[in-house]
Amino acid sequence: MSRQGRSHDWGFPRWRDYDGAGRAPQAQRLCDRHGCTKPGNCPAPKAPNRPERWYFCEAHAAEYNKGWNYFEQLTDEEAAAQEEQETRGQRSYERARHWAWGEGDGSRTRAELDALRLFDLPPDTDEAAIKAAHRRMAKENHPDLNPGNTEAAQRFQAIQAAYEILKSAAEQRAQQQKV
Ligand SMILES: [Zn+2]
């Protein structure tokens with residue numbers, strides 16, 4: 001049994017004194033990747049076409065950007081499977097159209113909708129269902145269970161990033177409700 005490694009959390013923006021040895025400590029933004037202590041000076045969009053940014057070190061920015069390809073380019077196999085589904089029935093076409101035009105009930109951001117799409121969930125999905133889908137897919141694609149499988153590793157990263165978006169959006173909404 002392998003637990004989900006904490007090192008795969010993308011975490012939240014962190015600020016800390018970076019390398020203060022020998023000179024006045026200088027506040028510098030750290031890489032947003034959980035556990036990384038390098039300066040985060042490479043902005044990376046939290047989702048395609050969104051203004052929100054993570055700030056990663058160079059290495060993690062590159063890794064993260066690779067992960068996002070999953071959102072934009074399905075593998076050939078997945079694309080073929082989707083095409084087959086679309087010729088078989090209208091359901092996925094309807095869904096694709098829904099994603100293209102619909103924005104749910106307007107309470108979710110584009111980034112959240114993209115993230116939900118990764119989990120194959122509709123816009124009105126509740127938090128428990130998101131959690132369950134995340135747990136299942138993270139397990140399926142976990143690097144420990146798929147050694148050497150770079151596609152699974154990329155999916156795993158995309159899954160973690162998507163879940164982070166949904167989680168922080170839910171937290172933000174909860175905050176706003178309190179105010
Ligand atoms: Zn880093």
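From the N terminus on, the elements of the protein chain run β-β-β-β-α-α-α-α-α-α, that is, four strands and six helices. Helices here are DSSP runs of H or I with at least four residues, strands are runs of E with at least two, and both are numbered from the N terminus. The model is a predicted one, in which local features need pLDDT of at least 70 and side-chain atom pairs count only at pLDDT 80 or more, whereas totals for chains, interfaces and linings use all residues. Residues are numbered from 1 along each chain as its sequence is written, and side-chain values use heavy atoms, with hydrogens and water left out.

Some totals for the chain come next. Of the 179 residues in the protein chain, 37% are buried; buried means under 20% relative accessible area, exposed means over 50%, and partly exposed lies in between, with a 1.4 Å probe and protein chains only. The protein chain exposes about 11300 Å², and carbon and sulfur atoms supply 49% of that area. Those areas come from the Shrake-Rupley method with a 1.4 Å probe, and for residues only the protein chains shown count as cover. Among contacts between residues at least 6 apart in sequence, 45% join residues at least 24 apart, a contact being heavy atoms within 4.5 Å.

I turn now to the metal site. Which residues coordinate the zinc ion? They are Cys31, Cys36 and Cys57, each through SG, and His60 through ND1, at 2.0 to 2.3 Å. Donors are N, O and S atoms within 2.8 Å of the metal, or 3.2 Å for Na, K and Ca; water is not among the atoms, so sites may look incomplete. In sequence the donor residues follow the spacing C-x4-C-x20-C-x2-H. The four donor atoms subtend angles of 105 to 115° around the zinc ion, and the arrangement is therefore tetrahedral. For that label, four donors must have all angles between 85 and 135 degrees; four count as square planar and six as octahedral if opposite donors are over 155 degrees apart and all others between 65 and 115, and anything else is irregular. Both Cys31 and Cys36 are buried.

The next topic is aromatic pairing. A search of the whole structure finds one aromatic pair. It consists of Trp54 and Phe56, whose ring centres are 6.3 Å apart and whose planes meet at 35°, so the pair is tilted. The rule takes rings of Phe, Tyr and Trp (its six-membered ring) with centres within 6.5 Å; planes under 30 degrees apart count as stacked, over 60 as edge-to-face and the rest as tilted. Trp54 counts as buried because its relative accessibility is 2%, and Phe56 is buried at a relative accessible area of 0%.

Seven of its nine residues are buried, so α4 is largely enclosed by the rest of the structure. Among them are Ala111, Leu113, Asp114 and Leu118.

Glu112 forms one with Arg173, and the closest N and O atoms are 2.8 Å apart. This pair links distant parts of the chain, Arg173 in helix α6 (residues 150–178) and Glu112 in helix α4, 61 residues apart. Arg173 is partly exposed, with a relative accessible area of 26%.

Arg155 and Glu151 meet in a salt bridge of 3.9 Å, N to O. Since these residues are four apart in helix α6, about one helical turn separates them. Arg155 is buried at 17%, whereas Glu151 is partly exposed at 42%. Glu164 and Lys167 form another, at 3.8 Å from N to O; both lie in helix α6, three residues apart, about one turn of the helix. Salt bridges that share partners also join Arg108, Glu112 and Arg173 into one network.

The last item concerns backbone geometry. Most residues other than glycine have a negative phi. Asp120, although not a glycine, has a positive phi of about 60°. Asp120 lies in the loop between α4 and α5 (127–140), and at 48% relative accessibility this residue counts as partly exposed.

Notes:
Salt bridge = Lys/Arg side-chain N within 4 Å of Asp/Glu carboxyl O.
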